Amino acid sequence: MNYASVIASPVGQITILADDEFVHAITFAETAITGLTENPLTLKVAQQLNDYFKGKLQHFDFPMKQKGTAFQQGVWQNLLAIPYGETTSYAKFSAHQPLAIRAIAAANGKNNIAIAVPCHRVIGSNGKLVGYAGGLWRKQWLLQHEREVTQQGQTELKF
């Protein structure tokens, strides 16, 4: 069975989609949730997201699983290793596979679990904010929020 929770946040409405075991999506997109109800997992994620926005949570600990190729799964797993409040460039993020930088960027863009799988922490090699499915203004807000909470990090790489 599928479940959903919707929360209001400083970056707009967020929809959480899950089944009995895993969260499959956290999205800013307007998602039809007709006929779906909340369950303990979507409520837990909603609370964790609210705590994130209040600056009280820096690491999410709910079970998540999104559909994707083995390559995409690897990219999403690597995103989880980017520390809260820090950014990395696409070039640095793909340094272990430099010929795959475009494929890695594309996989990053296919991430369906916004915020918890922190694709917003990857910025352009020139230090500019680039490519965020939720809109660059949200990416800027999330990075600034994390920087303020940790009193570290930056929204652009400085060379």
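UniProt lists residues 3-64 under "domain: Methylguanine DNA methyltransferase ribonuclease-like", in an unreviewed entry. Over residues 3-64 the chain is 23% helix and 24% strand. The end C-alpha atoms of that stretch are 14 Å apart. The model is predicted, and the protein averages a pLDDT of 91.

**Confidence**
- A pLDDT of at least 70 is reached by 96% of the residues.
- Confidence is highest in helix α1 (residues 40-53), at a mean of 98.
- Confidence is lowest in helix α3 (residues 90-93), where the mean is 88.

- Strand β1 spans residues 3-7 and is mostly covered.
- Four of the five residues in β1 are buried.
- Strand β2 spans residues 14-18 and runs antiparallel to β1.
- Five bridges join β1 and β2.
- Six residues lie between the two strands of the hairpin.
- In this hairpin, G12 takes a positive phi near 100°.

- Which helix holds K139? K139 sits in helix α5, which covers residues 136-150.
- Is K139 buried or exposed? K139 counts as buried because its relative accessibility is 0%, and the cut-off for buried is under 20%.

Conventions
Residues numbered from 1 in each chain as written. Predicted model: local features only at pLDDT ≥ 70, side-chain atom pairs only at ≥ 80, totals over all residues. Heavy atoms only, no water. pLDDT = per-residue confidence, 0-100. UniProt positions renumbered as here; feature names shortened; annotations may be inferred. Buried < 20%, exposed > 50% of the residue type's maximum accessible area, 1.4 Å probe, protein only. Pairing = 2+ DSSP bridges.
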